[in-house]
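Student: Could we go through this structure together, one question at a time?

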Amino acid sequence: MFDVGFSELVVIGLIALIVLGPKRLPEVARTAGKWMGQLRRFINNVKQDLDREIHQDELAELRKLREELDSTRNLMQSTSGDLIKGFTETAAASAAHTIHSDEPPKLTALVDAAAFAPPVKRARAKSTKKSRPGRKHGGTRRTRHP
């Protein structure tokens, strides 16, 4: 706030010593110290009060958002319950009008079991051809002679 250096404080102290005298200077210094302490406590209390108010406003906003989310969740749950109820009623009504029975169809022996077997891998026959030296690898490969 104030840019007061050590030299300025020394000048202020000397002027106070000359004006007030050596007997009253310690009393005035104590009184000034008490006032500074009270001022600092007052400023800290004001800061804390402002922080509390801001925090309470934020909490009120969070509570409001929570209530909105709860109402939205309740609406979604009731809507989904109504949809499920409607689907079950529709499924029951459509099942009553079919000519099929409730039993699942049975598999018959007409299905060939070999059709569902995994394919068999066959071994690849090795080639009996030998590669010609110099052509396949750009002439850098040498052939071995037995």
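Tutor: Before we start, helices are DSSP runs of H or I with at least four residues, numbered from the N terminus. Please keep in mind that this is a predicted model.

Student: Does Glu53 count as buried, partly exposed or exposed?
Tutor: Buried would need under 20% relative accessible area and exposed over 50%. Because the relative accessibility of Glu53 is 46%, this residue counts as partly exposed.

Student: Which residues gather with Glu53 in a patch of negative charge on the surface?
Tutor: Asp and Glu count as negative. The patch on the surface brings Glu53 together with Asp57, Glu58 and Glu61.

Student: How far apart are the closest N and O atoms of Asp49 and Arg52?
Tutor: Side chains of opposite charge can pair when their charged atoms come close. Asp49 and Arg52 are 3 residues apart in helix α1, which means that about one helical turn separates them. They form a salt bridge, in which the closest N and O atoms are apart by 2.7 Å.

Student: Which residue meets Asp70 in a salt bridge?
Tutor: The structure holds 2 salt bridges. In the one with Asp70, the N to O distance is 2.8 Å.

Definitions and conventions: Residues are numbered from 1 along each chain as its sequence is written. This is a predicted model: local features need pLDDT of at least 70, side-chain atom pairs count only at pLDDT 80 or more; totals for chains, interfaces and linings use all residues. Side-chain values use heavy atoms; hydrogens and water are left out. Patches are made of residues with over 30% relative accessible area and no salt bridge: like charges are joined within 9 Å, nonpolar side chains (Val, Leu, Ile, Met, Phe, Trp, Tyr) within 5 Å. Accessible areas come from the Shrake-Rupley method with a 1.4 Å probe; for residues, only the protein chains shown count as cover. A salt bridge is a side-chain nitrogen of Lys or Arg within 4 Å of a carboxyl oxygen of Asp or Glu. The place of a charge is taken as NZ of Lys, CZ of Arg, CG of Asp or CD of Glu. Buried means under 20% relative accessible area, exposed over 50%, partly exposed in between (1.4 Å probe, protein chains only). Helices (H or I, at least four residues) and strands (E, at least two) are DSSP runs, numbered from the N terminus.
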